[in-house]
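Take a look at the model, try each task, and then follow the solution.

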Amino acid sequence: MSPIEFSLQVILVSTSGVLSPGPLFFINILYGSRYGSFVGLKIASGHAIVEFPLIISLSYGLYSFSYTLQLSDVTFKLIGVTGGIFLLLFSIFQIISILKDKSTNSQIITNNKFNIKNPILAGFIFTILNPFFLVWWLTIGSKLISDSVINFGIVEGISIIFLSHIWMDYFWLWFTAFMINKGKFVIKEKVYRIFVFAISVVLGIYGFYLLFISLTTYL
């Protein structure tokens, strides 16, 4: 298999993770509506800070790392509970800011007392606190990493799989931030508030689901 053929395979398989709605996607929509399309690139950078070392670790076969993540239910539960609480708090404060404040469109996001001002940090936090991100890389992603290293070696294999995957994160988060930011300027303030409220509710539901599944089942 050539590097180009394998890259196409990575791109195809990666859509199952990149395009799946999750906390990073919804946070990107909220931040994109306030800060513009380039915030998507910053959030993607925070995401990449977590993703690149994870790919390297799995590629080099640091089994003490991957073995712990695969078998320790406590590890996943801790991440899931922390992430669920964080999402719930973010959602609650966002909803409160919408209901209480008579702000303009540009102030709705920043009035959230739980707001993370640095989008790179937001991308990092909402990635590392999402156990389903780790599950994807330890299942679907691990097969891609294994094939890449076997076929192309450590250095080239890591480069191929990371570059083939990460550009999709950057493009998707930039594109969605761009589209929502453009749409913000053509919709009325009331409609925009309803939209942000709905996204915040979805984040809250996701946080509750993450908290519930982390406490009651094995991930």
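### Exercise 1: an aromatic pair

W174 is partly exposed, with 26% relative accessibility; here buried means under 20% relative accessible area, exposed over 50%, and partly exposed in between (1.4 Å probe, protein chains only). This is a predicted model, in which local features need pLDDT of at least 70 and side-chain atom pairs count only at pLDDT 80 or more, while totals for chains, interfaces and linings use all residues. Residues are numbered from 1 along each chain as its sequence is written, and side-chain values use heavy atoms, leaving out hydrogens and water.

Task: classify the ring pair formed by F171 and W174.

Solution, step by step:
- Start with the rule: rings of Phe, Tyr and Trp (its six-membered ring) pair if their centres lie within 6.5 Å; planes under 30 degrees apart are stacked, over 60 edge-to-face, and the rest tilted.
- Apply it: the centres of F171 and W174 are 6.1 Å apart and the planes make 40°, so the pair is tilted.
- Check the helix: F171 and W174 are three residues apart in α8, so about one helical turn separates them.
- Widen the view: one aromatic cluster includes F171, W174, F25 and F178.

### Exercise 2: the largest core

Task: find which residues touch the most other members of the largest nonpolar core.

Solution, step by step:
- Define the core: buried Ala, Val, Leu, Ile, Met, Phe, Trp, Tyr and Cys residues joined through side-chain atoms within 4.5 Å.
- Pick the residues: Y31 and F126 have the most contacts with other members among its 27 residues.

Key: Helices (H or I, at least four residues) and strands (E, at least two) are DSSP runs, numbered from the N terminus.
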